[in-house]
Amino acid sequence: MPEAPMAEMAFKKHLKTDLFPTIWCPGCGIGTIMIMLAMVLDEMGLDETNTIIVTGIGCTGRMGSYMKYESVYTLHGRTLPVAEAIKAVRPEMHVIVVAGDGDTASIGGNHLIHSIRRNARVTVLCNNNEIYGLTGGQTGPTTPTGTKTLSSPGGNPNTPINLQAIVRSSPHAVYAKTTVYHQLHMRNVIRDAIEHDGFSLVDITSQCIENNGRRIGFASANEMLSFYRKTYKRAGKGATSLNPFEIGILYPTTDAAASNGHATAAEPERPSALPEQPAGPMTSATASPGAAAASDDTRALRRAESQQRAALMGQLDRETKLRVAKGDLTLAEAFAQAGLEMPESLRTGASAPQAAPAPASAPAVASPDAKEARRAEAQRKLALMQRLPSELKLRVAKREITLEEALGEAGIEPDGSG
Amino acid sequence: MRKLSQGNEAIFRGALAAGASYYAGYPISPSTEILNVASGWAAEHPEFRFLQAEDEIASANAVIGASLAGAKAFTATSGPGFSLMQEAIGYAQKVGVPSVFVNVQRVGPATGMPTMPGQGDVMQVRYGSTGDYTPIAFYPNGVAESFQIAVEAFNAAEESQSPVVVLSDTFVAHLNEVVDLDELAESLEIVPRALAPLGRHDPGEPRFFAGVLMYEHGPNAGEPATADADEYLRQYYEAKNRHMEVAARHARFEHGWNVDAPVLIVCYGIVSRVAAPLRDEYALFRPIRIHPILGDELRAVADRYEQIVVIEANDGQYADMVELAVHREVKRVPLLGGRISLEAVRDGLERVLGGGPSEPPVPPAPTERAAPSPLGIG
């Protein structure tokens with residue numbers, strides 16, 4: 001996967017800059033998402049003749065009015081039926097839905113699960129700010145447990161909806177998670193999602209400082225972004241699911257064990273006990289869902305390769321990394337200079353194996369066992385973090401207290417049910 | 001070719017003749033045959049797109065999306081589903097989305113009597129969504145007319161740039177009559193699409209289709225007009241005048257039977273068929289374009305009659321509209337609970353013309369177990 005180019009002003013031609021400033025509050029994350037989307041559209045060579053933007057109601061919904069695209073600002077929650085029908089009538093167009101978490105997962109939740117079931121060939125960018133911002137800050141479907149909002153002054157008693165699980169309930173859909181802090185990552189996953197020939201959803205954690213952040217203890221949008229930087233980590237190579245604080249992209253899986261017990265992207269097998277359906281007018285007109293699988297495999301390989309590249313980059317010092325990013329040095333040259341050994345697959349340009357082993361000879365890298373143990377420990381901590389009320393989570397993230405102290409304060413047993 | 005055709009099927013065939021290429025729907029009695037026929041057609045004609053949606057909210061919004069993308073699009077449902085569609089219908093009114101919504105009525109409210117005919121949604125069509133708008137709606141009373149009205153509804157939708165409603169009822173929908181739909185399709189006038197499809201707008205700024213009030217022209221174009229009454233008035237009356245002008249072009253009604261009789265019966269849909277054996281004794285005014293009400297046409301004939309009686313399968317919904325239109329008292333014969341029969345019409349006429357009340361006598365509580373009812377599918 002090629003790295004996205006540095007921020008260029010070319011994206012501006014996709015925006016109605018004459019309508020700026022936008023209605024969004026200072027510090028809001030939606031503007032960043034819009035600019036990242038515009039950059040990706042520019043990079044992919046898309047424009048108003050081949051792409052349609054469909055938005056929902058809420059702060060996020062206003063994005064369509066600032067983009068130089070033919071755009072439908074739908075009713076609250078109704079983006080997906082509108083988008084799916086547009087795609088059905090105009091299959092040659094890219095249809096991109098931009099909506100908030102409330103629009104996508106609450107009022108539009110039923111449409112979401114069914115558009116996923118039908119593998120609607122649309123891309124959803126979900127501005128997930130964990131709050132109903134436009135109406136002042138009420139609990140949304142993705143608001144974390146315990147968060148105090150205008151409509152849950154005692155803390156949200158409910159478990160947030162699991163968008164990843166909903167999207168991954170289909171063997172054909174792509175789920176990506178990113179944050180407004182991780183802009184390059186956001187651009188990469190938005191592009192990958194648009195390229196996917198099937199349903200894709202990019203779940204973008206984003207800051208609403210005015211109507212959520214300040215109430216839960218952040219002093220500024222910057223503080224929220226820095227919280228994302230500290231909290232969210234890139235998922236490991238070949239991850240088949242993402243932890244709540246991991247960012248990454250999950251492609252349709254061919255691994256039956258990892259697919260929620262669902263049929264895999266390959267043509268599902270028909271139980272032989274079922275009678276053959278009669279041919280003729282009763283036969284359904286739906287397209288075979290198997291078609292997308294081959295291209296997804298190639299993409300998964302490409303992804304594994306780029307993840308491996310990123311891991312290798314991580315072993316270089318900052319200056320060398322910069323020179324590689326600028327193209328002054330190839331990765332292989334950088335490794336040679338640093339006295340590190342590169343895996344065969346990258347040196348020859350062949351596709352990386354799907355589960356590429358960590359380069360064992362690299363002195364700075366821990367042994368696979370130790371790495372595995374660290375990873376398990378990190379996952380355990382993340383799971384514990386999840387159970388904390390958001391105030392405590394925040395204090396742990398700010399390193400004011402340790403996780404153990406926070407657990408003690410919340411009365412949660414680290415290995416019990418608490 | 002002359003052959004036995006069903007009312008629901010005729011609506012679908014009419015939509016096809018009008019150029020429809022998108023159908024979205026959700027199964028609901030007694031409209032389901034339209035969905036079935038549409039899916040069968042789509043299976044054999046890939047250019048015709050079909051969506052069985054998760055609910056009527058999705059159906060209605062999919063129709064909006066398909067229409068904006070350039071397809072003549074429609075959906076069909078019954079009362080409960082039509083209630084779910086009201087929000088989208090309001091959106092289509094506000095944005096100006098040419099589209100057709102078919103409501104095959106049964107007895108409500110709620111799940112009510114799913115397999116029995118009713119006309120209780122006549123005013124839901126007029127006022128069902130939020131805010132002010134001027135819907136155009138038609139109501140045929142037979143198979144051939146269902147076909148013609150489907151075509152006319154699509155034409156009116158294109159001309160008015162608005163969602164147009166076709167009302168039907170269980171009986172009209174399930175009537176089987178020998179008609180030649182091919183012949184009917186020969187001499188049709190089809191109004192082509194005027195609205196440029198999404199992504200094909202040329203030249204000028206890309207459009208932003210919004211349910212919220214936006215400035216469409218002038219120095220503020222593209223900005224919200226959410227607190228500007230002047231802009232509201234400009235857009236509201238532009239749409240209303242356009243709808244009224246198109247409605248006037250489609251002012252379809254039937255004034256007939258014994259036009260010299262002293263009593264005028266106003267009825268529509270299946271009631272006009274059931275009451276037809278009374279043709280020698282009464283005059284008939286049957287609105288086919290049922291909304292906006294045919295005020296001028298009604299007033300032009302009303303003075304010739306001593307009495308006006310509105311007979312309908314609801315509790316006087318349209319009678320109120322007729323009374324307002326003709327500025328005089330009209331009598332009401334409500335045919336409730338799916339009992340649309342000549343006997344009920346005769347009894348009702350006798351009662352109200354004899355100075356009795358509109359209400360039919362309410363039967364006493366049963367002492368014996370009633371015959372099992374059809375279950376119907378909600």
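Which side chain makes a polar contact with the side chain of Gln124(B)? The partner is the side chain of Ser83(B), at 3.2 Å; a polar contact here is a pair of N or O atoms within 3.5 Å, where within protein one must be able to donate a hydrogen and the other to accept it, and residues adjacent in sequence count only if both atoms are side-chain atoms. The structure is a predicted model, in which local features need pLDDT of at least 70 and side-chain atom pairs count only at pLDDT 80 or more, while totals for chains, interfaces and linings use all residues. Residues are numbered from 1 along each chain as its sequence is written, chains are lettered from A and ligands numbered from 1 in the order in which they are written, and side-chain values use heavy atoms, with hydrogens and water left out.

Gln124(B) counts as buried because its relative accessibility is 18%, the classes being buried under 20% relative accessible area, exposed over 50% and partly exposed in between (1.4 Å probe, protein chains only). A polar contact of 3.3 Å also links the side chain of Gln124(B) to that of Gln86(B). Leaving out residues up to four places away in sequence, Gln124(B) touches Gly79(B), Phe82(B), Ser83(B), Gln86(B) and Tyr133(B), where contact means heavy atoms within 4.5 Å.

Stepping back to chain B as a whole, the secondary structure comes to 13 helices and 16 strands. A compact globule of 378 residues would have a radius of gyration near 21 Å, and the 21 Å of chain B agrees with this; the radius is taken over C-alpha atoms, and the globule rule is 2.2 Å times the number of residues to the power 0.38. Along the principal axes, the C-alpha atoms of chain B fill a box of roughly 65 × 50 × 45 Å. Buried residues account for 55% of the 378 residues in chain B. Of the contacts in chain B between residues at least 6 apart in sequence, 74% join residues at least 24 apart. Chain B exposes about 15,900 Å², with carbon and sulfur atoms supplying 52% of it; accessible areas come from the Shrake-Rupley method with a 1.4 Å probe, and for residues only the protein chains shown count as cover.

Another buried residue of chain B is Glu145(B), which lies in helix α6 (residues 143-160) and has a relative accessible area of 12%. Beyond its neighbours within four places in sequence, Glu145(B) is in contact with Tyr139(B), Pro140(B), Arg252(B), Arg286(B) and Ile288(B).

Two local backbone features of chain B also deserve a look. A cis peptide bond, with omega about 0°, joins Ser29(B) and Pro30(B), and Pro30(B) belongs to the loop between β2 (20-25) and α2 (32-44). Ala110(B) has a positive phi of about 55° although it is not a glycine. Ala110(B) is placed in the loop between β5 (99-107) and β6 (113-117) and is exposed, with a relative accessible area of 61%.

Turning to chain A, the secondary structure comes to 15 helices and eight strands. Buried residues make up 50% of its 418 residues, and 65% of the contacts in chain A between residues at least 6 apart in sequence join residues at least 24 apart. The accessible surface of chain A comes to about 19,200 Å², and 54% of that belongs to carbon and sulfur atoms.

In helix α6 (residues 183-195) of chain A lies Asp192(A), which is buried with a relative accessible area of 2%.

Chain A has its own backbone features. Phe20(A) and Pro21(A) are joined by a cis peptide bond with omega about 0°, and Pro21(A) falls in the segment before α1 (30-43). Glu130(A), although not a glycine, has a positive phi of about 65°. This residue is found in the loop between β4 (123-128) and α5 (163-167) of chain A, and Glu130(A) is partly exposed, with a relative accessible area of 22%.

Conventions: Helix = DSSP H or I, 4+ residues; strand = E, 2+ residues; numbered from the N terminus.
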